[in-house]
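Student: I have this model open and would like to go through it piece by piece. Can we start with the terms and then look at the parts?

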Amino acid sequence: MGIGISLHRAVAPHRWVAIPTCAEHDMIYGSPPYHAFLQEVTGTASPWVLQAEHHGHVIATLRFYTLEWNGYHILNSNPYFGSHGGSVVSADISGSHYHQTQRALGAAFGDFVDIHGIDAVNLVEYPWQPASEFAQAAKLQHWDRRIGQISTLPAWQGRAQTSDLILKTCKQKTRNLVRKGLKQNFKISLETSQDDWALLYEHHQISMSAIGGRAKQWSEFLAMQRHLEAAGATRLYIARHEGDFAGALLVLTHKAWVEYFIPVSVEAFRSAQVLSALIHHAMLDASEKGQSFWNWGGTWQSQSGVHKFKSGWGSDDVPYTYWGRISERMQRLDVVGAGGPPDYFYVKPFGDTNAA
């Protein structure tokens, strides 16, 4: 199988869309709207695409971004809060051809890293799609890990019966909390107004401040609207109680997948389980639209409370790997002391020497 590899600073959207992928692997992180969003929020970062071709047809792609920071060259596939990256291979390619394609892309990626003097590389593999073969060809190391948690949504059987099926997948404690939330008479609706996006942003800031987390900025919310909402890839649920804002949930959608993205709840309604009611409502909608997978996102090994919350919804653990490598001078760098890491980019594991 003769495979040609080409490198591009950009790729025509119709060529990217034309790559058929396995449904279980076709997540939003490889979609044109998501990459348009990434290009806006990462600002000065340079987008790149490696394409594998066979007989004039694109059979696989790898998208990544490079950034110059303090004289260092950083590469992520993909940046932005641990977005999944890695190669996207056509569903038509299997067996030895699949492995050959992965190795060819990996070798070309490794050559890019060497030629461009990249100091830090990070690639976050997709759940259920290990990148070990690609990583070996690219000379990347297994250097970090997350626990992906994914719930399988029931097939639609009407609202009442599907609601029961969702509850049956939950653990007993979560089931009781959901039922409590459903009894509070929250009015939950899909919204698109700027005022509702502003409410999501405002309470996201409050929530992140309370736990000392890194909040997303208003510019990111605007970019979500411009690229993801415009493509029909967002659903913003707003919960109100007797007219008062009680909570919100933003999910991203792409084909069979729903991404649990930004949840917020007003403290006064937290114990009333407004978030449980929102999640249940969003899962029902997803099932009705024929979607199969609810991705809770990655969890650190140390985040036992977060893991327990997601597990309560009947999620399955799907561990996935961060692959990377760093130059000698980056290994010596105190990233935090140097004012980093740069916005949205992963440099090296937090547990590493002088890492951030």
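This is a predicted model: local features need pLDDT of at least 70, side-chain atom pairs count only at pLDDT 80 or more; totals for chains, interfaces and linings use all residues.

Student: Fine. How many residues of strand S6 are buried?

Tutor: Five of its five, so by that cut-off S6, residues 120-124, is mostly covered.

Student: And which way do they point from S6?

Tutor: Ala120, Asn122 and Val124 point one way, Val121 and Leu123 the other, and all are buried. In a regular strand the side chains alternate between the two faces of the sheet.

Student: Which strands is S6 joined to, parallel or antiparallel?

Tutor: Strand S4, residues 72-77, runs parallel to S6, and four bridges join them. S13 runs antiparallel to S6, with five bridges.

Student: Is serine 327 buried or exposed?

Tutor: Buried, because its relative accessibility is 18% and the cut-off is 20%.

Student: What does its side chain make a polar contact with?

Tutor: The side chain of serine 327 makes a polar contact with that of aspartate 119, at 2.8 Å.

Student: Change of topic. Where is lysine 139?

Tutor: In the loop between helix H4 (132-138) and strand S7 (141-152). Lysine 139 is partly exposed, because its relative accessible area is 47%.

Student: What is lysine 139 in contact with, leaving aside neighbours within four places in sequence?

Tutor: Asp114 and Arg325. With aspartate 114 there is a polar contact between the two side chains, at 2.8 Å.

Student: On to helices. How far apart are the end C-alpha atoms of H10?

Tutor: They are 21 Å apart. H10 covers residues 274-288, and its 15 residues at 1.5 Å a residue should span 21 Å, so the two values agree. The helix is mostly covered, with 13 of its 15 residues buried.

Student: What follows H10?

Tutor: Glycine 290, whose phi is positive, near 85 degrees.

Student: Which residues of H6 are buried?

Tutor: In H6 (residues 172-182) they are Thr174, Arg175, Val178 and Gly181. Seen down the helix axis they fall within an arc of 125 degrees, so they line one face of H6. An α-helix has 3.6 residues a turn, so residues three or four places apart point the same way.

Student: What do those buried residues pack against?

Tutor: Helix H5 (159-169) and H10.

Student: Which residues touch the most other members of the largest nonpolar core?

Tutor: Phe37, Tyr80, Leu200, Met224, Ile279 and Trp294, in a core of 73 residues. H10 gives the largest share of this core, nine residues.

Student: What is leucine 200 in contact with, leaving aside neighbours within four places in sequence?

Tutor: Phe221, Leu236, Ala248, Leu250, Ile262 and Val264. There is also a second, separate core of 24 residues, which includes Leu62, Val89, Val121 and Ala131.

Technical notes
Residues are numbered from 1 along each chain as its sequence is written. Side-chain values use heavy atoms; hydrogens and water are left out. Buried means under 20% relative accessible area, exposed over 50%, partly exposed in between (1.4 Å probe, protein chains only). A polar contact is a pair of N or O atoms within 3.5 Å; within protein, one must be able to donate a hydrogen and the other to accept it, and residues adjacent in sequence count only if both atoms are side-chain atoms. Helices (H or I, at least four residues) and strands (E, at least two) are DSSP runs, numbered from the N terminus. The expected span of a helix is 1.5 Å times one less than its number of residues. The arc is that of the directions from the helix axis to the C-beta atoms. Contact means heavy atoms within 4.5 Å. Two strands pair if DSSP finds at least two bridges between them. A nonpolar core is a set of buried Ala, Val, Leu, Ile, Met, Phe, Trp, Tyr and Cys residues joined through side-chain atoms within 4.5 Å.
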